[in-house]
Amino acid sequence: MSVRHRTVFLIAAAPMVLAMGGCEWFTEFKRTPSLWTWEVVSARDSLKPSRGNPQGSVPVTGTAMAGFQVSHAALPATIDSMAGIPNPVAVSEESLVNGRKYYQINCAVCHGDKGMGDGPATKFGMPGISLVMDITKGRSDGYIYGMIRNGRGLMPSYNRIEEPERWDVVNYLRGLQGALGRTVPTGALAAPGVTGDRVPGSTRTAPTRPAPFMKPVAIGEATAAHASAPAAAGDTLRRRPDSVAAGAHR
């Protein structure tokens, strides 16, 4: 090959050599696709996710601390390890209302409506543990969150309160402690048995349909009321929930 032909060949082959330099000859798994659980991967079918959650799991997106990160042991050191978790739920009217619902169901029986440690259970031997003492006021939000999650000493775990709602309880407790610069309503939200918006509805991590409102009354009263005012708005009749009547399911 003459010098002229060799020069022409090199000039023609140069773009090909440069283009091949950006290619990978072997797969080294350095750049695998990143897919979130339930992320849709097909633009033509938005109903089929890439894969499903493991059975019994819940999404951890948006959590301050996933359940697997810290032990659920009711030990002081374990709860101390959660003391530094920042509260991701800002104090708002919605958070305080929701926190009060959970507090009344889970906490007031021992700690009392105002956190004074005078709940009904103290009449039956449960020591009264105040939540408005200086030592509790000085605990961080993360520590109180950890106490609710794991329990310790006489207090059992209330991990049944899911994480976002647990922060609502922390916010409400801060209100009872007078740390919000305003008072918060205390006491039961309604008579025992009343449902609807007076009890916790769907949660943010496991949304379901809230319980429909149902105001309980004595059967005899309901019959008399039904005879006199069967269709009055806000009547006191015991009625089947709309969801049940319509055949809906959660």
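Start by selecting residues 93–106 in this predicted model: this is helix H3, with 14 residues. From its first C-alpha to its last, H3 reaches 20 Å, close to the 20 Å expected at 1.5 Å a residue.

Now show the surroundings of H3. Ten of its 14 residues are buried, so H3 is largely enclosed by the rest of the structure. To see them, pick Ser-95, Leu-96, Asn-98, Gly-99, Arg-100, Lys-101, Tyr-102, Tyr-103, Gln-104 and Asn-106. What do these buried residues pack against? Colour helix H4 (108–111) and helix H7 (163–176), and you have both partners.

The structure holds one cavity of 30 Å³ or more, and about 40 Å³ of space lies in the largest cavity. Select Glu-93, Leu-96, Val-97, Arg-100, Tyr-172, Arg-182, Val-184 and Pro-185 to display its lining. Which helix gives the largest share of that lining? The helix is H3, with four residues. By type, the lining of the largest cavity divides into five nonpolar residues, three charged and no polar.

For the last stop, move to helix H4 and click on His-111. Is His-111 buried or exposed? His-111 counts as buried because its relative accessibility is 13%, and the cut-off for buried is under 20%.

Terms used: Residues are numbered from 1 along each chain as its sequence is written. This is a predicted model: local features need pLDDT of at least 70, side-chain atom pairs count only at pLDDT 80 or more; totals for chains, interfaces and linings use all residues. Side-chain values use heavy atoms; hydrogens and water are left out. Helices (H or I, at least four residues) and strands (E, at least two) are DSSP runs, numbered from the N terminus. The expected span of a helix is 1.5 Å times one less than its number of residues. Buried means under 20% relative accessible area, exposed over 50%, partly exposed in between (1.4 Å probe, protein chains only). Contact means heavy atoms within 4.5 Å. On a 1 Å grid over the protein atoms alone, a cavity is a set of points where a 1.4 Å probe fits but cannot get out, and a pocket is an open set with protein on both sides within 12 Å along at least five of seven lines; lining residues have an atom within 4 Å of a point. Grid points are joined across faces, edges and corners, and a volume is the space filled by probe spheres set on the points. Ala, Val, Leu, Ile, Met, Phe, Trp, Tyr, Cys and Pro count as nonpolar, Asp, Glu, Lys and Arg as charged, and the others, Gly among them, as polar.
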